[in-house]
Amino acid sequence: EFLTLKNYEANPHRAEYGWTSNNSVFAEVGMDYVLASENIQKNGEPGFAWLDNMQSFSRMRGRPDHRDHKVKGGNPCLEQSLESMELCCLVETFPNHHEDLEDFKKTLDMAILYAKTVTLITVHWPATREVMYRNRRIGCSVSGIAQFITSKGLHTLQKWLEAGYFHLFQEDRKISKFFKVPNSVKLTSVKPSGTISLLCGATPGVHYPESRFYIRRVRMAKNFPMLQKLKEAGYTVEPAVGSEESTVVVEVPVDVGNGIRGVAEVSMWEQLCLAAFMQRHWADNQVSATVTFDPEKEGPQIAHALQYFQYQLKGISFLPRHDFGAFPQMPYEAIDEEKYKKELAHITALPFADTDGLPPRTRSTIQDQEDTTHKMEDAFCDGDKCIMPTRK
């Protein structure tokens, strides 16, 4: 019954709200994937989480270490292993924005210092506090992977990931010793990303874009303070199908740059290989990856593919690729250059510094934050460097 929750012919009453959940199953290595794969061909579900792999492996390099044997599952997007009552601690980096490996390592220094500091925050729920303070789990993610492969190549990516992971491992030991807290049980993830990658012009996580030019749709509450500014700037805003009374969808035209392949040009098998590559060379937590596939040509191969990749992944999900979209207002829609230029022509710059028109509470909160930022004296940071103080 769980496998058919999004079969709206069998469950027509769920059609209005079924889209609000992403449904996955705990898979067992060696199981029969045929029945689940038949459902995936129709609507992309269920996704898979191999709990034994999550408990047995850090990076999946052939030898289990059982460092995380108490794990019971993961967060909703499955980029971070979690014990019962444990919370996420995620931070994101963009290696393709760096000129060289040493420059990337500087960003990793800031990322792990920030993430490790977050683990020092007081947690009030006792059961959560116990597991958080014990594990100090971090998920330092990388995004823009498709762009990096396009511009620098897969072999260079492998070198950066290996060197970056070792660098994080060493920095975690130093920072943990200074803070007098346990080393982090795990350090790295690959987030699915989305809004964050949009902000810096990166492709999301490990995913290839729909095409060089595409529409990215973002869901927002109808009362979101900046919504009117988005409308005034010329962005297309429309009611969200199924939640018209409370939610809107904002369309953002995107150009990810020359030379990059669209996801339709990347086979299901290559996408699975890339997820496994990242699970081997970077993520000791998990890689959150949604594999897009051709239902007719590749759909019948899913069960066979899972037989191979169940030994290389901790989790995976699928999405059938249709010209009409699997559901209304898909997060990504491929467009051509002509439509991209047409969409962009009526969009003006957002006035981020202009808070006129925002509710009074929002304006005062923004101003308070700015005033506080200017008045704060950061004892540890000087320019682009942050240095931990020396104990006297």
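Which residue in S9 stands opposite threonine 236? The legends below, which describe a predicted model, begin with this pair.

**View 1. Strands S8 and S9 lie side by side as an antiparallel pair.** Threonine 236 has glutamate 251 of S9 standing opposite. The pairing of S8 with strand S9, which covers residues 247-255, runs in the antiparallel sense and extends over 4 bridges.

**View 2. An open sheet is formed by 4 strands.** Read across the sheet, the order of the strands is S8-S9-S7-S12, and their pairing is antiparallel. Strand S8 (236-239) and strand S12 (332-334) are the edge strands, each of them pairing on one side only. From one strand to the next, the twist averages 25°.

**View 3. Helix H11, made up of residues 337-345, packs on the sheet.** The helix touches strand S7 (213-221) as well as S8, S9 and S12, and the direction of H11 makes about 120° with that of S9.

**View 4. Helices H9 and H10 cross with their axes within 11 Å.** Two packed helices are described by the angle between their axes and by the distance between the axes. Helix H9 spans residues 268-281 and helix H10 spans residues 302-309, and their axes cross at roughly 20°. Because angles under 35 degrees count as roughly parallel, H9 is roughly parallel to H10. The crossing of these two helices, H9 and H10, is right-handed.

**View 5. Residues of H9 meet residues of H10.** From H9 come Met268, Trp269, Leu272, Cys273 and Ala276, which meet Ile302, His304, Ala305, Tyr308 and Phe309 in H10. The residues of this contact of H9 with H10 divide into 9 nonpolar and 1 polar, with no charged residue.

Methods: Residues numbered from 1 in each chain as written. Predicted model: local features only at pLDDT ≥ 70, side-chain atom pairs only at ≥ 80, totals over all residues. Heavy atoms only, no water. Pairing = 2+ DSSP bridges. Axes fitted to C-alpha atoms, helices over the stretch in contact; angles between N-to-C directions. Contact = heavy atoms within 4.5 Å. Parallel < 35°, antiparallel > 145°, perpendicular 65-115°, else oblique. Left-handed = near helix turned anticlockwise from the far one by under 90°. Nonpolar A, V, L, I, M, F, W, Y, C, P; charged D, E, K, R; others polar.
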